[in-house]
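Student: I would like to go through this structure step by step. Please show it to me before we start.

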Amino acid sequence: MTSGAAPRLFVVSAPSGTGKTTIVRRLVDGHPGISLAVSHTTRPARAKERQQRDYFFVDDGEFDAIRRGDGFLEHAEVFGNRYGTSRREVEGKLASGRTVILEIDWQGAAQVRAAMPEAETVFLLPPSHAELQRRLEGRNSDSPEVLARRLSEAREDVGKWRDFHYVLINDDLEATCQRMSRILDGRGDRYSTSGERRRERVEQLIASGGW
Ligand code: 5GP
């Protein structure tokens, strides 16, 4: 990261299983000036997840109390659970001078774009639908019903790519981390401003991925 630059807000969205968490964690670990906003969720914690590190795990009542108090910058229901980014989390981290990354779904990304037009949005895609299925099955953390739902919702999610400033296809972890790093440094190519050829290329890649 360029030192002395104004703190910035990035939104990273991807169908679940794209590798988004791994990529974002690597970037945050490699850049002390970048911080990941910890979301609230009503979903139960997975085996290796920790309260306040991975999520603020809350019940419906606590979630509603924050929502009623207008405490969420954005919130959405994903796979039957509720997720939200608190204003306090984002404002606190931006005020400390750090660049903040929100790792949220496309519904939340749309709300953040509306509330904070300066936010920069990145959409990550897995190389193909078949590869996504392989990754989700390998992760082995969901019931067959949840897995089937994640796969079918991924198809809908992928169609949202045009709403984002940047689109990256995660076919190689190292390369994707490097491309994300360039975006965070302000050196990425916005697909929306870099011309029709790039848009066509993304469209071709998506079509060839069986989406
Ligand atoms: P998971 O349950 O696998 O951790 O996350 C499921 C989905 O919820 C992912 O697409 C993730 O990006 C999204 N998500 C996580 N936190 C938030 C949040 O605060 N707001 C929104 N809108 N989506 C979130």
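Student: Does Arg 82 count as buried or exposed?
Tutor: This is a predicted model, in which local features need pLDDT of at least 70, side-chain atom pairs count only at pLDDT 80 or more, and totals for chains, interfaces and linings use all residues. Residues are numbered from 1 along each chain as its sequence is written, and side-chain values use heavy atoms, with hydrogens and water left out. Buried means under 20% relative accessible area, exposed over 50%, and partly exposed in between, with a 1.4 Å probe and protein chains only. Arg 82 has 18% relative accessibility, so the residue counts as buried.

Student: In which strand is Arg 82 found?
Tutor: Helices (H or I, at least four residues) and strands (E, at least two) are DSSP runs, numbered from the N terminus. Contact means heavy atoms within 4.5 Å, and Arg 82 touches residues including His 40, Thr 41, Asp 60 and Phe 63. The strand that holds Arg 82 is β6.

Student: In what order do the 4 strands of the open sheet with mixed pairing stand?
Tutor: Two strands pair if DSSP finds at least two bridges between them. In this sheet, the pairing is mixed and the order is β4-β3-β6-β5.

Student: Why is one side of β4 and of β5 left without a neighbour in the sheet?
Tutor: β4 (56-57) and β5 (72-78) each have a single partner strand, so one side of each is left without a neighbour. For this reason the place of both is at the edges.

Student: About what angle does the direction of helix α2 make with that of β6?
Tutor: Axes are lines fitted to C-alpha atoms, for helices over the stretch in contact, and angles run from 0 to 180 degrees between N-to-C directions. Helix α2 (residues 60-68) packs on the sheet and touches β3, β5 and β6. The angle with β6 is about 40 degrees.

Student: In the open sheet of 5 strands, what is the order?
Tutor: Here the pairing is parallel. The edge strands, β2 (34-36) and β9, pair on one side only. The order is β2-β7-β1-β8-β9.

Student: Which residue in β8 is the bridge partner of Val 11?
Tutor: β1 and β8 pair in the parallel sense over 4 bridges. The bridge partner of Val 11 in β8 is Thr 121.

Student: How many residues does the largest nonpolar core have?
Tutor: A nonpolar core is a set of buried Ala, Val, Leu, Ile, Met, Phe, Trp, Tyr and Cys residues joined through side-chain atoms within 4.5 Å. Among those with the most contacts inside the largest core are Leu 9 and Val 112. The number of residues in this core is 22.

Student: Is Ile 169 buried or exposed?
Tutor: Ile 169 is found in strand β9 and touches residues including Leu 125, Pro 127 and Leu 205. At 12% relative accessibility, Ile 169 counts as buried.

Student: Which element supplies the largest share of the lining of the largest pocket?
Tutor: On a 1 Å grid over the protein atoms alone, a pocket is an open set of points where a 1.4 Å probe fits, with protein on both sides within 12 Å along at least five of seven lines, and lining residues have an atom within 4 Å of a point. The largest pocket is lined by 42 residues. The largest share, 4 residues, comes from α1.

Methods
Lists of a residue's contacts leave out its neighbours within four places in sequence.
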